[in-house]
Amino acid sequence: MNSLYVIMTNQCQLNCKFCYTHFVPQFNSQEKRDCIDPEMVIDKINNGIELNGKLVKFDNIIFHGGEPLLYPKEIMQIMDGVKDKKIHFEVQTNMAYKTLTQDQLKLLTKLGTYGTSYSYDRFPEYYGCDGECAKSYFEHNIKQLGEMNIRCSVLITVTEEQIKKQNPLFLFEYLKSLGDGVDYIILERPIFPINEVKNNKEKYERFYKEVDAYMLEFCRIADKYYRINIPDYIERIKEYHVPLYHNHCSEFTYTLYNNKLKLGCPSLEVRGYDDKEKISTECLECRYYEYCKSDCECMNIVCAFPKKTFDWYYNKK
């Protein structure tokens, strides 16, 4: 199954310091601050996109950004213009809206589900509104949509602040307070520029061990409440080589920005994807290599694979 991330826009109401867009030149450009051309996207999905001499077609479309829900009409236009009605659509939104518009509600109702994100330090600002204000919008919208039976997956970014300020039990209770609209939990690490990782290897080796420990404790607490360890999850990791962080950086994932297609998830420029170094012997000999395929964002410079959490999942099967 091929997935396509469609970067609808590089605009966003938030300015999360751990977001990959800070490190990607195309997102920091003052040009093209509007929406992607819907007709161009429709054409690419319907006819496929040629990449490295191969025509690529897609089964799953993820509307991403920036903040894609700033352009709900354009997303609907794309969905309506796609000929293959078997294609699955998703949207990843920050949900930091004081009031959801009718167009946004119409889109979310049609989709039936959506993806959103959370970290303790996710809401530093919102058009002059303080973090607590933006956080309250996020909470209200999830609850409101849950009451409409529109459910979401929440991507938890395990940042340094998340580890320090909100222990796993507190995080579990917080997610639980959002109501039945939260259907699925995904865990990921924050993204850092590859040169920063190279220059601070010991720091990031320590950090990723802390992330692994945090994830493991959270999974044990949340195990009986959320669908976080369904049996086929390990099978999906094996099949698509997607680590527990769920960063979709397998060989089956593509990103469309304007009219350019690249293999990999939206953060690919952060990793220096095109200049990936030779995989080390240490990685190749590691028993986790068949699952992580040399971690995509750290490129075998430091190991960010959540080994303890993975073993816990695997042994539960």
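Predicted model: local features only at pLDDT ≥ 70, side-chain atom pairs only at ≥ 80, totals over all residues.
Reader: How does H2 run relative to S11?
Author: H2 lies across S1, S4 and S11, and its direction makes an angle of about 150° with that of S11.

Reader: What about the ends of the helix, say, what caps the N-terminal end of H2?
Author: That cap is Asp37, which places a side-chain oxygen 3.2 Å from the backbone nitrogen of Glu39. Just after H2, Gly48 adopts a positive phi of about 80°.

Reader: Moving to the sheet, what is the order of its strands?
Author: The sheet is open and has five strands in the order S5-S4-S1-S11-S12, with mixed pairing. Strand S5 (88–91) and strand S12 (260–263) are at the edges, and each has a single partner strand, so one side of each is left without a neighbour in the sheet. On average, and with direction ignored, neighbouring strands of this sheet are turned by 20° against each other.

Reader: Is the pairing of S11 and S12 parallel or antiparallel?
Author: S11 and S12 pair in the antiparallel sense, over four bridges.

Reader: Which residue in S12 is the bridge partner of Tyr254?
Author: The bridge partner of Tyr254 in S12 is Leu263.

Methods. Residues numbered from 1 in each chain as written. Heavy atoms only, no water. Polar contact = N/O pair within 3.5 Å; in protein donor to acceptor, adjacent residues only side chain to side chain. Helix = DSSP H or I, 4+ residues; strand = E, 2+ residues; numbered from the N terminus. Pairing = 2+ DSSP bridges. Axes fitted to C-alpha atoms, helices over the stretch in contact; angles between N-to-C directions. Contact = heavy atoms within 4.5 Å.
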